[in-house]
Structures are given as structure tokens and as C-alpha cells.
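Here is a quick tour of a protein model, written with its backbone geometry and packing in mind. Have the viewer open as you read.

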Amino acid sequence: MTAKKTLIKNANIVNEGRQYTGSVLIEGDSIAAVQEGSAPDVADAEVIDATGMWLLPGVIDSHVHFREPGLVHKGDIASESRAAAAGGITTFMDMPNTLPPTVTLEALAWKQAQGAAASVINYSFFFGGTNDNADTLHRLDKSRIPGIKLFLGSSTGNLLTDNKNTLERIFGETDLLIAVHAEKEEIIRHNAARYSALHPHPDITFHPKIRSAEACYASSSEAVELAVRLNTRLHILHLSTAKETTLLNGTIPLTQKRITGEACVHHLWFSDTDYPRLGNRMKWNPAVKTAADRAALREALNNNTLDTVATDHSPHLLSEKEGDCLTAASGCPLVQHSIPAMLELAADGIFTISKVVEKMCHAPAVLFGIDRRGFIRPGYYADLVLVSPNEPQTVSKSNLLYKCGWSPFEGQAFRHKVRQTFVNGQAVYSNGQINDSVRGMEVRYLPNSFSRK
């Protein structure tokens with residue numbers, strides 16, 4: 001059977017630090033050719049005239065919580081992958097704090113099977129490290145997981161890893177990347193007790209005081225010390241403070257880094273001045289902090305101190321977001337709006353479009369060693385996004401695809417709109433419609449070129 005051909009022509013291609021008008025030919029699931037300038041039509045190819053639109057590599061979101069299994073009343077792999085496709089995301093890496101958590105080989109295999117059955121985009125799943133499962137880490141297939149996730153601050157179920165001997169063993173023995181949620185539990189508990197004594201039901205404005213910059217830096221710096229001493233590949237998730245950026249090095253190439261850092265869209269967009277307006281709708285862990293912290297994170301992305309941008313997409317029902325800052329659920333849905341939000345910041349001159357593509361598409365592929373994704377190159381999988389740069393859209397409940405049914409961006413007008421998303425050459429999202437017949441592939445990881453050996 002002849003592979004389907006699609007020619008996307010006259011697009012403004014944004015790829016590998018360049019912008020140029022050109023065409024991309026898709027054959028089957030892969031990119032067959034990339035041509036700068038005008039290109040002749042191809043026999044038997046469906047032609048998409050992308051004049052006036054940007055063509056980007058598909059976004060790789062290396063940090064999501066799609067809530068399956070066990071928490072599917074607020075999100076599942078099917079619903080959240082559809083929302084992600086509408087936001088230009090073509091690959092996700094899901095975190096292990098589900099019910100049950102992904103801390104056994106059986107739980108990981110279940111998720112991988114469910115990804116194949118339900119996800120409309122490409123999928124992969126982190127394995128959760130605990131105080132009790134260090135022996136299992138040696139049995140993991142390194143080609144099928146992005147790394148080990150460790151929660152160094154409070155989390156769901158058995159996922160708080162705070163045994164020093166276990167941490168030494170995990171950091172010292174594995175060649176897998178270790179991704180950490182770094183907040184110092186003792187400092188958080190001390191702050192919570194202090195502010196609760198003064199204010200029996202502290203409101204959301206106390207959240208960044210309880211989950212403070214001090215708590216973040218104390219935990220991140222300990223993780224860095226451990227990684228340096230044991231020569232571990234460490235990736236610090238959702239950095240939220242200016243001080244934490246001093247732990248990272250922006251002067252060496254990503255391929256040579258053994259300690260890397262992630263910024264999340266919400267820490268780049270919001271600041272503590274937004275708490276009175278949004279309340280618990282912008283409660284995340286780690287907390288959104290000051291405008292000065294936000295400015296430092298933005299600068300750290302621009303100078304390559306920070307390496308990737310992700311969402312930490314974490315849907316909850318609005319009813320679960322009620323309460324004070326100690327009882328309201330932490331996390332918010334973001335995958336449908338990460339590219340529009342980042343391109344909005346680019347339009348405001350905070351980033352370049354090429355920098356957005358670098359940090360959301362190229363860098364995750366390089367950092368995690370993903371096979372043939374993240375770039376517009378012949379021979380790579382045809383994960384692509386067409387964006388209309390002059391088509392305003394306002395976020396409202398009527399155009400949300402999240403199962404939880406709300407967004408912290410409601411009422412926000414974005415200047416850019418995702419028009420089409422291609423996953424392995426198939427148009428999974430087109431002009432507001434999801435093609436539910438599409439299924440993504442399981443992501444594969446190349447042999448670890450960052451090995452300690």
C-alpha cells in the first residue's frame with residue numbers, strides 16, 4: 001500500500017534557529033523532504049497552502065499529569081491528549097503520581113498499554129522512585145522511559161522520597177535521568193504551622209510564603225550537591241525562583257550538561273500580583289512567586305541557563321480548588337494553551353519565536369534523547385504544528401477540551417491560534433476538530449549518550 005503524501009507549502013518554517021518560507025513533504029509517518037523557497041506540487045499528494053502561517057515542530061511536553069489511572073473524574077489520557085493536540089503538543093511525558101502510582105513494572109506496563117489504546121498524540125511515562133523500590137530501577141527498559149521521577153517534597157501516596165540512604169543509592173547507581181520536584185518538606189511544614197497559627201485559614205496569598213523560595217532553594221541545592229558528587233544526570237522540574245537559577249550553568253552546550261532545569265509556562269506568565277484576581281485557580285506547587293523571580297526565569301531561558309519549557313498540566317475539578325491555601329488542590333490545566341501563551345510572550349518581545357521552539361521542541365528531544373522527534377528534518381517523524389500568527393482567540397469555557405472544564409487563562413485573548421497539528425503525519429487536529437481515529441506512538445529513547453560510564 002502506498003504511503004499517504006501531504007505537501008505543506010508556502011509556510012513560514014521556524015526550525016533550528018532559522019525562519020524561512022518553504023515546504024515540507026510528508027510521506028506516511030515521516031518527513032520526506034524540506035525545501036526552502038517555492039516547491040512544485042507532488043503527484044498524489046494532498047496540498048496544504050500554508051501561506052501566512054508558521055510551521056513549527058510539534059511541541060514535546062515533558063511534564064504532565066493526565067490523571068489515569070485512579071483520578072479520571074478530572075482527566076484521563078484520552079481527554080487530555082485531545083486538549084494537548086489542540087494546543088500543538090504532539091508528545092507528552094506523564095508523571096507517576098496516579099492511583100495506583102507508577103512505581104511498579106506492572107503499573108508502568110498498564111499505562112503504556114493505555115497510552116496505545118487512548119492517546120491521540122505520542123506518549124511516554126516516567127517511573128516513580130520511592131523509599132522502597134530502588135531494586136526495581138535496574139529492571140527498567142531505558143528505551144521506553146524518559147527517566148525516574150523523585151518527589152523531594154510532599155506528594156501523593158508513597159511518592160515522597162526522603163530516605164537519605166535510598167537517595168544516595170538511586171543517585172549513585174542509575175544511568176537514567178532523575179527528574180525531581182524539589183521543595184524542602186521541613187521548611188514547608190514549619191511555614192505552614194507558623195502562618196496557620198496567625199491565620200487559621202490562610203488564603204492563597206500565603207501560598208508562596210509557605211512554599212517559599214527558601215524551601216525551593218534548599219531542596220534544589222541539596223539535589224545538585226548529590227548529583228555533582230555522584231555524577232548523576234539531574235533535571236530539576238518547575239524552577240520557580242531567581243536563586244535556583246544560580247545552581248545551573250548556561251555556558252555549556254545542552255549535550256554536555258549533566259544538571260538541567262525546566263521552566264513551566266505558569267511561572268513564566270504569572271506572578272504573585274495575580275493571586276487576588278485568580279485565587280486558588282493559580283495554586284501550583286511550587287508556588288508562583290514574585291515578578292522579580294519571573295523576570296529571572298525568563299532571562300535564564302534566554303541565556304540557556306534553563307533548558308526546557310513544560311506545562312506541569314495538572315487538572316482538578318473547580319470544586320477541588322475550593323478552600324484555603326492549605327486545603328485547595330494544587331495544579332491547573334495548561335496543555336491546550338502552552339504554545340499560544342509562549343508565543344504571546346514572544347510577541348511582547350520577551351522571547352524570540354525561535355527561542356520558544358528551541359525550548360519547547362528541540363531541547364526536550366535532545367535532553368531526553370528522543371528518537372527522531374523535535375525537529376523539522378527529513379527522516380524524522382512528521383510531528384508538526386501550523387500556527388496562524390494573526391488570528392486572535394479568547395479562551396472561554398466554550399472552546400476548552402479539558403475534562404475538568406476550566407482554565408486559568410479564561411478571558412485571555414491570544415494573538416496566535418493553532419490551526420493544525422500533525423502526529424506522525426496524520427492531522428489529529430484541524431480548525432477546531434479532533435480526529436479521534438488517530439493514535440500516537442510510544443516514544444522511544446536512544447542509548448544514553450550522557451552515561452556516567
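Where is asparagine 424 found? It sits in the loop between strand S18 (417-423) and strand S19 (426-430). Helices (H or I, at least four residues) and strands (E, at least two) here are DSSP runs, numbered from the N terminus.

Before going further, a word on the ground rules. This is a predicted model, where local features need pLDDT of at least 70 and side-chain atom pairs count only at pLDDT 80 or more, while totals for chains, interfaces and linings use all residues. Residues are numbered from 1 along each chain as its sequence is written, and side-chain values use heavy atoms, with hydrogens and water left out.

## Positive phi and cis bonds

Most residues other than glycine have a negative phi, and most peptide bonds are trans. Asparagine 424 has a positive phi of about 50° despite not being a glycine. Aspartate 44, also not a glycine, has a positive phi near 70°, and it belongs to the loop between strand S3 (30-36) and strand S4 (45-49).

Buried or exposed: which is asparagine 424? With a relative accessible area of 4%, asparagine 424 is buried, whereas aspartate 44 counts as exposed at 76%. (Buried means under 20% relative accessible area, exposed over 50% and partly exposed in between, using a 1.4 Å probe and protein chains only.)

There are cis peptide bonds to look at too. One runs from glutamate 68 to proline 69, with omega near 10°; proline 69 is in the loop between strand S6 (59-64) and H1. Another joins leucine 99 and proline 100, with omega about 0°, and proline 100 lies in the loop between strand S7 (89-94) and H2.

## H1 against H2

Helix H1 (residues 77-86) and helix H2 (residues 105-118) pack at an angle of about 55°, their axes 9 Å apart. Axes are lines fitted to C-alpha atoms, for helices over the stretch in contact, and angles run from 0 to 180 degrees between N-to-C directions. The two helices are therefore oblique to each other (under 35 degrees counts as roughly parallel, over 145 as roughly antiparallel, 65 to 115 as roughly perpendicular and the rest as oblique).

Which residues make the contact? H1 brings Ile77, Ala78 and Ser81, and H2 brings Lys111, Gln114, Gly115 and Ala118, where contact means heavy atoms within 4.5 Å.

## The three-stranded sheet

An open sheet of three strands has the order S6-S7-S8, with parallel pairing; two strands pair if DSSP finds at least two bridges between them. S6 and strand S8 (122-125) are at the edges with a single partner strand each, so one side of each has no neighbour in the sheet. On average, neighbouring strands are turned by 20° against each other, direction ignored.

S7 and S8 run parallel and are joined by four bridges, and methionine 93 has serine 124 in S8 as its bridge partner. H2 packs on this sheet, touching S7 and S8, and its direction makes about 170° with that of S8. Helix H11 (residues 353-368) lies across S6 and S7, at about 65° to S6.

## The six-stranded sheet

Six strands form another open sheet, ordered S9-S10-S11-S12-S13-S14 with parallel pairing. Strand S12 (residues 234-236) and strand S13 (residues 259-264) pair in the parallel sense over three bridges, with isoleucine 236 opposite glycine 261 in S13. Helix H6 (residues 213-230) lies across strand S11 (178-181), S12 and S13, running at about 170° to S12.
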